[in-house]
Amino acid sequence: MSESRRCGLVAIIGRPNVGKSTLMNHLIGQKVSITSRKPQTTRHRIHGILTRDDCQIVFADTPGIHTGQQRALNRAMNEAAMSALSDVDVICFMVDSDKWNEGDEHVLSLLARAGDIPVILVVNKVDRLDDKAAMLPLLDKLNQRHDFAEVIPVSALGGHNLDVLEQALVSRLPEGDFWFDEDQLTDRSLRFMAAEIIREKVVRQLGQEVPHQVTVEIDLWEDGPRVTDIAATILVERRGQKKILIGDKGERIKSIGTQARRDIENLIERRVMLNLWVKIKAGWSDDDRALRSLGYDD
Ligand code: GDP
Ligand code: K
Ligand code: MG
């Protein structure tokens with residue numbers, strides 16, 4: 001049976017707001033099964049795993065790709081993103097069917113370094129197009145810039161065509177045993193996902209001008225008999241961001257906390273008590289050492 005199985009690593013890349021998280025959530029659903037690492041596992045941080053009888057798609061956690069090269073953080077994140085891409089089995093380049101900007105342009109330019117890795121062009125948000133022909137000029141333009149293995153229009157939000165995308169991914173994965181056992185959630189990955197959930201809520205509040213400047217650290221994780229106690233620190237770069245996050249009389253941080261707590265409860269299927277702290281990490285985005293301690297050096 002195992003000889004007919006496929007398993008491999010997929011990266012979904014694209015500028016902020018094209019719908020990467022929405023797609024990932026749809027593909028993986030609530031049944032995220034991240035497990036203890038086996039020796040042959042890649043050096044990648046794992047964002048999520050889709051396991052079917054016949055295949056396991058492991059989604060690499062590619063750090064965001066960011067424009068603006070001046071700052072150490074941008075550089076480090078772009079380097080990390082590119083090195084994460086260098087040994088995946090398939091890359092999905094996700095774009096918005098009716099919005100193209102310099103962020104897309106930048107990510108597209110990085111694809112030149114994809115080498116032989118097949119790149120699937122995923123054209124998202126087609127539900128917003130009245131006339132599907134409206135995306136043809138974009139597709140024409142993109143096809144001239146890169147030799148895509150396939151072009152798949154989808155709606156990540158509506159679930160449209162995602163089965164086609166999934167099959168396109170699976171067919172390009174190497175045959176081999178699964179890397180991860182199912183149903184074996186580890187603390188480490190749960191913590192990681194909880195931090196991601198909190199970060200996602202913060203980014204939504206701050207808007208897309210600063211998302212990569214935010215990191216979340218889980219300070220405490222205690223599984224009590226009935227409730228899991230979690231404390232997390234949100235590290236922002238500037239005083240102004242801290243103010244925005246906390247909001248008038250703490251309204252903002254409270255609503256972030258509530259939303260994050262609900263998602264974390266769904267993830268771990270337990271009641272959660274979530275304490276959030278906001279701290280300014282002054283000047284850290286220009287300090288390579290700080291980046292390393294936060295884990296962006298791989
Ligand atoms: P990311 O920054 O690439 O991870 O993008 P998100 O997944 O956070 O999505 C950004 C916004 O686009 C959110 O408001 C989503 O609800 C919305 N979105 C994502 N996919 C679709 C889609 O297929 N159709 C529409 N209309 N909106 C979408
Ligand atoms: K987003
Ligand atoms: Mg996202």
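Biologist: How do the residues of the shell around ligand 1 divide into nonpolar, polar and charged?

Modeller: Keep in mind that this is a predicted model. The shell splits into 4 nonpolar, 8 polar and 4 charged residues. There are 16 residues around ligand 1, and the closest are Gly19, Lys20, Ser21, Thr22 and Leu157.

Biologist: Which helix gives the most to the shell around ligand 1?

Modeller: That's helix α1, residues 20-28, with 3 residues.

Biologist: Why is Lys125 called buried?

Modeller: The cut-off for buried is 20 or more other C-beta atoms within 10 Å. Lys125 has 24 such neighbours, so it counts as buried. You'll find Lys125 in the loop between β5 and α4.

Biologist: Is Glu269 buried or exposed, and why?

Modeller: Exposed, because it has 8 C-beta neighbours inside 10 Å and the limit for exposed is 12 or fewer. Glu269 sits in the loop between α8 and β9.

Biologist: And what about Glu237: why does it get the label it has?

Modeller: With 21 other C-beta atoms within 10 Å, Glu237 passes the cut-off of 20, so it is buried. Glu237 is in the loop between β8 and α7.

Biologist: Why is Ser171 called partly exposed?

Modeller: Ser171 has 13 C-beta neighbours inside 10 Å. Ser171 belongs to helix α5, residues 162-171. Ser171 and Cys55 are 116 residues apart in sequence, yet 9.6 Å apart in space, C-alpha to C-alpha.

Biologist: Which residues of the largest nonpolar core touch the most other members?

Modeller: Val10, Ile91, Cys92, Phe93, Met94 and Val122, out of 39 residues in that core. Elements that each supply at least two core residues include β1, β4, β5 and α5. A second, separate core has 20 residues, Val202, Val216, Ile264 and Leu274 among them.

Biologist: How do you know that Val10 touches Leu169?

Modeller: Contact is defined as C-beta atoms within 7 Å, so a pair listed as touching meets that limit. Leu169 is on the list for Val10, along with others including Ile57, Phe59 and Cys92.

Biologist: Where is confidence lowest, and where is it highest?

Modeller: Helix α9, residues 288-293, is lowest with a mean pLDDT of 43, and β5 is highest at 98. The protein averages 79, and 74% of the residues score at least 70. The model as a whole scores ipTM 0.97 and pTM 0.63.

Biologist: Over residues 30-43, how many contacts beyond four places in sequence does the model have?

Modeller: It has 27, although pLDDT stays under 50 there. Residues 285-298 are also below 50, and that stretch has 24 contacts beyond near neighbours in sequence.

Conventions
Residues numbered from 1 in each chain as written. Chains lettered and ligands numbered in written order. Predicted model: local features only at pLDDT ≥ 70, side-chain atom pairs only at ≥ 80, totals over all residues. Helix = DSSP H or I, 4+ residues; strand = E, 2+ residues; numbered from the N terminus. Near = placed C-beta within 6 Å. Nonpolar A, V, L, I, M, F, W, Y, C, P; charged D, E, K, R; others polar. Core = buried A, V, L, I, M, F, W, Y, C linked by C-beta atoms within 7 Å. Contact = placed C-beta atoms within 7 Å. pLDDT = per-residue confidence, 0-100.
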